[in-house]
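Open the model in your viewer and show it as a cartoon.

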Amino acid sequence: MEANKILDTKGLACPMPIVKTKKAMNELESGQVLEIHATDKGAKNDLAAWAKSGGHELLKHEIEEDILKFWIKKG
């Protein structure tokens, strides 16, 4: 999946992945996609809930070698 921006939050614990995601999303235009890489296992639920509450769309998530990857489309 193609992203407009990639955000690396590996090694950061909650709530920092959400804080960094929010900041990165503010820099994108509506409809653009942010790819997030995280290692915090709680990020899966946190990012899904955050995206929904913010009017964004969690397009896809996957785990690759202990790295959680998310693609969120800005609402």
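Select residues 33–38 and 67–73, which are strands β2 and β4 of this predicted model. The two run antiparallel and are joined by six bridges.

The open sheet has four strands in the order β1-β2-β4-β3, with mixed pairing. β1 (5–9) and β3 (57–64) each have a single partner strand, so they stand at the edges, and one side of each has no neighbour in the sheet. On average, neighbouring strands in this sheet are turned by 20° against each other, direction ignored.

Now select residues 16–26, helix α1. Helix α1 lies across β1, β2 and β4, and runs at about 160° to β1. Then select residues 43–53, helix α2. This helix lies across β2, β3 and β4, at about 5° to β4.

Finally, zoom out to the whole chain. The C-alpha atoms fill a box of roughly 30 × 25 × 15 Å along the principal axes. The radius of gyration is 11 Å, which agrees with the value near 11 Å for a compact globule of 75 residues. Of the 75 residues, 36% count as buried. Among contacts between residues at least 6 apart in sequence, 66% join residues at least 24 apart. With the surface displayed, the accessible area is about 4500 Å², and 49% of that belongs to carbon and sulfur atoms.

Notes. Residues are numbered from 1 along each chain as its sequence is written. This is a predicted model: local features need pLDDT of at least 70, side-chain atom pairs count only at pLDDT 80 or more; totals for chains, interfaces and linings use all residues. Side-chain values use heavy atoms; hydrogens and water are left out. Two strands pair if DSSP finds at least two bridges between them. Axes are lines fitted to C-alpha atoms, for helices over the stretch in contact, and angles run from 0 to 180 degrees between N-to-C directions. Contact means heavy atoms within 4.5 Å. The radius of gyration is taken over C-alpha atoms; the globule rule is 2.2 Å times the number of residues to the power 0.38. Buried means under 20% relative accessible area, exposed over 50%, partly exposed in between (1.4 Å probe, protein chains only). Accessible areas come from the Shrake-Rupley method with a 1.4 Å probe; for residues, only the protein chains shown count as cover.
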